[in-house]
Amino acid sequence: MTEQGYTRSQFDNCVYFHKLLDDSFIYLLLYVDDMLIASKSKVEIDKLKAQLRTEFEMKELGEAKEVIGKEIQKDRRKGTVCLTQTQYLKKILQRFGVDGKTKPVSTPLAPHFKLSASISPRTEKECKHMAQILYINVVGALIYTMV
Amino acid sequence: MHDSGKGHWQTVKWILWYIHGITNIGLKFEGDDRLGQNLVGYVDSDYAGDLDKRRSIAGYMFTLVKGPISWRSTLQSTVALSTTEAEYMTVTEAFKDAIWLHELIEDLRIVQKHVDVHCDSQSAICLIKNQVYHSRTKHIDVQFHFVREIMD
């Protein structure tokens with residue numbers, strides 16, 4: 001990319017940018033096999049896409065609807081962009097048996113939860129019971145959602 | 001993560017039930033002509049929030065164009081002796097991130113002179129501004145005084 005006049009950001013290696021004649025910028029974001037192009041100029045975007053096509057085989061998905069598992073909703077009139085993870089969240093809820101019948105709670109946590117090592121299982125029966133539960137899988141899925 | 005008990009599982013279930021009601025909620029970014037002034041940080045800490053080792057929890061978030069872009073909530077690696085100290089260490093962590101984010105957006109040619117970081121502890125703010133030097137803060141390691149240097 002640097003041969004095409006693009007500069008790689010020193011602080012985030014996934015970002016490349018190039019200054020256009022009208023002082024605006026075109027940005028190219030790469031993340032493994034996901035790619036996003038952002039610019040005010042449609043002509044420049046098409047030019048960059050043509051350039052990339054000569055070097056790699058790539059699939060054109062049009063306006064960005066999703067990036068690394070997050071959905072993108074744009075409202076051009078209001079000038080807003082929303083990122084959601086609805087699909088991923090629905091998938092993990094389904095996987096761990098939370099369905100339409102479950103009543104949602106309105107707070108992320110309640111004060112009566114006091115977590116410490118002292119509430120770890122003590123008896124063998126308790127240990128056996130906990131071993132059947134996918135605790136680590138759930139926590140892992142939640143941490144993935146978080147970052 | 002290991003040795004989880006019934007209480008831990010109850011908590012995780014509660015979180016799942018909460019998420020169940022909020023799957024449609026997401027991050028919203030609003031375009032603004034005054035783009036430059038918009039990288040803002042918010043800091044808070046939970047003093048001795050970890051019941052096992054009494055370490056504090058550090059949390060901070062940065063917003064750009066009215067939406068959050070970088071956030072972290074983590075157990076501090078050292079034990080803080082006061083809320084001020086917990087907050088002070090959190091500010092340090094946030095500043096480190098702020099420097100990186102500031103440089104990143106500058107690289108992307110979003111011009112911003114400085115980054116505002118908000119903190120709800122007056123005593124931590126005073127400590128950063130070097131208005132008090134209390135004997136209780138003496139043991140805070142030199143690395144945390146790096147915050148003062150940035151303020152200057």
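Two residues are taken to be in contact when heavy atoms of theirs lie within 4.5 Å. In the predicted model examined here, the contact between the two chains draws on 37 residues from chain B and 49 residues from chain A. The area buried between chain B and chain A is about 4200 Å², and carbon and sulfur atoms contribute 72% of that area. Between chain B and chain A, 11 residue pairs are in polar contact, with both residues at pLDDT 80 or more, whereas the count of salt bridges between these chains is zero.

On the side of chain B that touches chain A, the elements giving two or more residues are helix 1 (6-21), strand 1 (27-30) and helix 2 (83-107) of chain B. Of these, helix 1 of chain B gives the most, with 15 residues. When the residues on this side of chain B are sorted by class, 17 are nonpolar, 12 are polar and eight are charged.

In general, the strands of a sheet pair through backbone hydrogen bonds, in either a parallel or an antiparallel sense. The pairing that crosses from one chain to the other joins strand 7 (residues 80-84) of chain A to strand 1 of chain B, in the antiparallel sense and over four bridges; here A:Leu83 stands opposite B:Leu27, a residue of strand 1 of chain B. Within chain A, strand 5 and strand 6 (residues 70-75) pair in the antiparallel sense over two bridges, and A:Glu66 has A:Glu71, in strand 6 of chain A, as its bridge partner.

Although no salt bridge is counted between chain B and chain A, a search of the whole structure finds seven salt bridges over all chains. One salt bridge is formed by A:Glu63 with A:Lys74, whose closest N and O atoms are 3.4 Å apart. Because A:Glu63 lies in the loop between helix 1 (42-55) and strand 5 of chain A, while A:Lys74 lies in strand 6 of chain A, the pair ties together parts that are 11 residues apart in sequence.

As for the division of chain A, the domain assignment gives domain 1 (2-84) and domain 2 (87-146), and the C-alpha centres of these two domains of chain A lie 38 Å apart.

Terms used. Residues are numbered from 1 along each chain as its sequence is written. Chains are lettered from A and ligands numbered from 1 in the order in which they are written. This is a predicted model: local features need pLDDT of at least 70, side-chain atom pairs count only at pLDDT 80 or more; totals for chains, interfaces and linings use all residues. Side-chain values use heavy atoms; hydrogens and water are left out. Buried area is the accessible area (1.4 Å probe) that two parts lose on being put together, summed over both. A salt bridge is a side-chain nitrogen of Lys or Arg within 4 Å of a carboxyl oxygen of Asp or Glu. A polar contact is a pair of N or O atoms within 3.5 Å; within protein, one must be able to donate a hydrogen and the other to accept it, and residues adjacent in sequence count only if both atoms are side-chain atoms. Ala, Val, Leu, Ile, Met, Phe, Trp, Tyr, Cys and Pro count as nonpolar, Asp, Glu, Lys and Arg as charged, and the others, Gly among them, as polar. Two strands pair if DSSP finds at least two bridges between them. Domain bounds come from an automatic or database domain assignment.
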